[in-house]
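I opened my notebook to write down what I looked up in this structure, one entry at a time. Have a look at it with me.

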Amino acid sequence: MAITGSGSAVPATCLDNQGLTKLVDTSDEWITTRTGIRQRRLAKPSESLTELATAASRKALAAAGVQPQELDLILLATSTTDDLFGSACKIQAELGATKAVAFDLTAACSGFVFGLVTAAQYIRTGAYQNILLIGADILSRWVDWQDRSTCILFGDGAGSVVLQANQSDRLLGFELKSDGSQNNQLNLPYTSKSISLIQDVNIGQGNFHPITMNGKEVYRFAVQKVPEVIDKALFRANLSVDQIDWLILHQANQRILDAVAQRLNIPEYKVISNLANYGNTSAASIPLALDEAVQHRKIKSGDIIVASGFGAGLSWGAAIFQWGR
Ligand code: ACO
């Protein structure tokens with residue numbers, strides 16, 4: 001399989017750190033030094049995940065030279081679907097990808113990497129030839145904007161890639177992990193109110209509680225576990241760390257990016273970072289950073305990229321791939 005095109009889309013509304021100081025007790029200096037984030041894009045009430053994802057996907061399809069009707073599968077990695085039944089089918093309709101089967105995949109900030117590996121298996125088995133993989137999230141819907149420990153971190157966006165069957169397999173190695181015993185470290189939980197339908201028949205109805213996170217623990221987990229999966233993926237790919245051209249980590253915190261790169265001995269100039277402009281866009285962060293680097297002609301055909309996502313679940317994973325056909 002090969003990744004033959006990318007695209008991205010972000011909402012127009014921009015909220016910088018200074019703007020956040022009007023909302024919670026914080027400062028540009030605190031946010032910048034602790035996270036590296038300077039601003040984030042936020043979806044308007046009328047903007048949908050489907051719209052963002054569709055816009056990113058149109059660009060990815062154009063870049064790959066693939067018509068929507070040629071798609072066999074659309075995979076949407078998201079935790080913030082427009083519809084709990086899934087949004088991938090809506091995107092299929094918007095794109096006019098009439099032949100494609102479409103479904104959502106949820107693995108929080110690891111969603112894009114998990115989706116990439118999942119999509120690759122369909123191509124490897126020969127089941128499908130052309131796959132659209134989208135990472136998209138609108139976490140602003142589910143952040144408590146009075147909680148300064150979380151609201152400063154997140155932003156909205158979408159990124160897409162096209163995967164195609166190819167003579168040589170460009171997914172060189174991967175490693176995926178989950179640890180549900182630490183699920184309580186980072187949640188966006190359903191909270192139910194008990195309702196009695198008739199005597200002895202009670203059901204729960206409710207909503208989702210805004211994001212809760214043990215920031216320190218998630219930080220520690222990321223810095224420890226991400227280098228481990230990258231090492232494992234490198235081993236599987238039979239590559240040494242100096243053969244890597246680019247490191248694209250989930251864009252959560254610049255300090256995490258720096259610490260992981262340092263542990264792996266990857267020089268700073270190989271680390272792709274755009275979180276200053278977008279914050280943590282969850283499943284969108286890796287394809288958004290990837291697409292920007294491709295647009296800026298940093299990433300070129302044949303470059304070897306390590307992508308690693310980590311987040312709620314807890315889940316984490318790394319995939320090593322060679323860019324282009
Ligand atoms: N502005 C000013 N002060 C603040 C703010 C803020 N926005 N937020 C917290 N503080 C204060 C705290 O109250 C605390 O004050 P105290 O010392 O008086 O108690 C102090 O700053 C330090 O707070 P910490 O939480 O210890 O700060 P830390 O250095 O750990 O940074 C952060 C917090 C940025 C959240 C960091 O822990 C982090 O990035 N964690 C990882 C988060 C992450 O990567 N998530 C990814 C997954 S997301 C997903 O999967 C959806």
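**Entry 1: a buried isoleucine**

I started with Ile286, which counts as buried at 3% relative accessibility. Buried means under 20% relative accessible area, exposed means over 50%, and partly exposed is in between, with a 1.4 Å probe and protein chains only. Accessible areas come from the Shrake-Rupley method with a 1.4 Å probe, and for residues only the protein chains shown count as cover.

I noted that this is a predicted model, where local features need pLDDT of at least 70, side-chain atom pairs count only at pLDDT 80 or more, and totals for chains, interfaces and linings use all residues. Residues are numbered from 1 along each chain as its sequence is written, and side-chain values use heavy atoms, with hydrogens and water left out.

Ile286 sits in helix H10, residues 285-295. Helices (H or I, at least four residues) and strands (E, at least two) are DSSP runs, numbered from the N terminus. I also looked up Ile286 against Gln224: they are 62 residues apart in sequence, and their C-alpha atoms are 19 Å apart in space.

**Entry 2: the ligand**

Which residues come nearest to the ligand? I found Thr26, Arg34, Cys109, Lys216 and Asn253, out of 23 residues around the ligand. A residue is near a molecule if one of its heavy atoms lies within 4 Å of it.

Next I checked polar atoms at the ligand. The side chain of Thr26 has an N or O atom 2.6 Å from a nitrogen atom of the ligand. For Arg34, a polar side-chain atom is 2.7 Å from a ligand oxygen atom. For Lys216, a polar side-chain atom is 2.6 Å from an oxygen atom of the ligand. On its own the ligand has 1000 Å² of accessible area, and the protein covers 75% of that.

Helix H2 (28-35), helix H6 (148-151), helix H7 (215-237) and helix H8 (254-264) are the elements that give two or more residues to the shell around the ligand. H7 gives the largest share, four residues. I sorted the shell by residue type and got 11 nonpolar, seven polar and five charged residues. Here Ala, Val, Leu, Ile, Met, Phe, Trp, Tyr, Cys and Pro count as nonpolar, Asp, Glu, Lys and Arg as charged, and the others, Gly among them, as polar.

Why does the ligand lie between domain 1 (2-170) and domain 2 (172-181 + 212-322)? It lies there because both domains give residues to the shell around the ligand. The domain bounds come from an automatic or database domain assignment.

**Entry 3: the nonpolar core**

The largest nonpolar core has 46 residues, and Ile230, Leu247, Phe310 and Ile320 touch the most other members. Such a core is a set of buried Ala, Val, Leu, Ile, Met, Phe, Trp, Tyr and Cys residues joined through side-chain atoms within 4.5 Å. At least two residues of this core come from each of H7, strand S13 (246-249), H8, strand S14 (304-311) and strand S15 (315-322). H7 supplies the largest share of this core, 10 residues. Domain 1 and domain 2 each provide at least three of the core residues.

Thr4 lies in strand S1, residues 2-9, and is buried at 12% relative accessible area. Its side chain makes a polar contact of 2.7 Å with the side chain of Gln164. A polar contact is a pair of N or O atoms within 3.5 Å; within protein, one must be able to donate a hydrogen and the other to accept it, and residues adjacent in sequence count only if both atoms are side-chain atoms.

Thr50 is in helix H3 and is buried, with a relative accessible area of 5%. The side chains of Thr50 and Asp82 are joined by a polar contact of 2.6 Å.

Ser48 is in the loop between strand S3 (39-41) and helix H3 (49-64). Ser48 is buried too, at 16%. The C-alpha atoms of Ser48 and Ile138 are 8.2 Å apart, although 90 residues separate the two along the chain.

**Entry 4: backbone angles**

Most residues other than glycine have a negative phi, and most peptide bonds are trans. I therefore wrote down the exceptions below. Asp200 has a positive phi near 70 degrees and is not a glycine. Asp200 is in the loop between strand S10 (190-198) and strand S11 (201-208).

Is Asp200 buried or exposed? At 74% relative accessibility, Asp200 counts as exposed.

Asn238 is not a glycine either, and its phi is positive at about 60 degrees. I found Asn238 in the loop between H7 and S13, exposed with a relative accessible area of 68%.

The peptide bond from Gly313 to Leu314 is cis, with omega near -5 degrees. Leu314 is in the loop between S14 and S15.
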